[in-house]
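Subject: Structure for your review

Dear colleague,

Please find below the structure that I am handing over to you. I would be grateful if you read the notes with the sequence and the 3D view at hand.

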Amino acid sequence: MSATLAGVLLIVLSSAIEGLAQVCLKQSAGASSRKYRWILLGVLLFICEAVSYTGALQRLDVSTAYPMGALSFVSVTLFARWMLNEPVDSRRWSGLILIIFGAILIAT
Amino acid sequence: MESRSKSKHRLAVGLALAITLDTAGQLLWKFTADTLPSSAALWPTVHAVLGQPLVLVLIALFGCQLINWLKVLEYADLSYAQPITSLSYVTVCAFSAFMFGERIELAKAAGILCIFCGVWLISQSKPRIDAQRST
């Protein structure tokens, strides 16, 4: 596997972890008890994300890695829709498609 | 009137600071990542991270960023503030070319523009505010 491909996969992984971390923080806001468990899980996930993003920066230009990190908007929306049943309007879907398209342009 | 223009001024400073901290954080993170051993093994990397003092500077920068961001959100809606701070995609790109000699090809520039527009569109979607839960 080339270093670039590994870097791109690490960015996708970082973005996915970010989505889960944000869902945890949102869960903590709605939880009536044991809020701190969700916050702790969220913070742990953020640490995992930092490790994965550091690995990506070792393999990619920061001008590639940073804008691609906007893929986290995509994962946050998908996880919020699937796990929290949050509604997603058409403007948001179009924004996400633009972000995915932009990330593909940068990665190739 | 005076206090209103004062908050406007503070908001502008806060947004500029947010973009600056975002940019500085990314550049420093890249610089730090390049000082780490390139081995794919996790533990030697973690060991190197703990021994790298720049990591502390980086964590301090993120702390400042968080405090400043929360301050900005006191003065402005997220949907207004977020697309403005996504200007940091442009500044990170410009400074990475200047400091690390990274090349900005046409495809990369077009991709960044797409992402910027996408973030702007997302910020235009209407928030659902749950009034029942906030009581």
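The notes below set out what was found in the structure.

This is a predicted model, in which local features need pLDDT of at least 70 and side-chain atom pairs count only at pLDDT 80 or more, whereas totals for chains, interfaces and linings use all residues. Residues are numbered from 1 along each chain as its sequence is written, chains are lettered from A and ligands numbered from 1 in the order in which they are written, and side-chain values use heavy atoms, with hydrogens and water left out.

Chain A

Chain A contains five helices and zero strands; helices (H or I, at least four residues) and strands (E, at least two) are DSSP runs, numbered from the N terminus. The order of elements from the N terminus is α-α-α-α-α. Along its principal axes, the C-alpha trace of chain A spans about 45 × 35 × 20 Å.

Two loop residues of this chain deserve a look. Arg34(A), in the loop between helix H1 (3-30) and H2 of chain A, has a positive phi of about 55 degrees although it is not a glycine. Asn85(A) also has a positive phi of about 55 degrees without being a glycine, and lies in the loop between helix H4 (71-84) and helix H5 (90-107) of chain A. For background, most residues other than glycine have a negative phi.

The interface

Contact here means heavy atoms within 4.5 Å. On that basis, 39 residues of chain B touch 33 residues of chain A. Together the two chains bury about 2,900 Å², 68% of it on carbon and sulfur atoms; buried area is the accessible area (1.4 Å probe) that two parts lose on being put together, summed over both. Trp29(B), Ile115(B) and Ile122(B) supply 20% of the area that chain B buries against chain A, more than any other three residues.

Across the interface there are 11 residue pairs in polar contact, both residues being at pLDDT 80 or more. A polar contact is a pair of N or O atoms within 3.5 Å; within protein, one must be able to donate a hydrogen and the other to accept it, and residues adjacent in sequence count only if both atoms are side-chain atoms. On the side of chain B that touches chain A, helix H1 (2-35), helix H5 (88-100) and helix H6 (106-123) of chain B each supply at least two residues. H6(B) gives the most to that side, with 12 residues.

Salt bridges

A salt bridge is a side-chain nitrogen of Lys or Arg within 4 Å of a carboxyl oxygen of Asp or Glu. How many are there over all chains? The count comes to three salt bridges. Asp61(A) lies in the loop between H2 and helix H3 (62-68) of chain A and Lys108(B) in helix H6 of chain B, so this pair joins two chains. The closest N and O atoms of Asp61(A) and Lys108(B) are 3.7 Å apart, and the count between chain B and chain A is one salt bridge.

Yours sincerely
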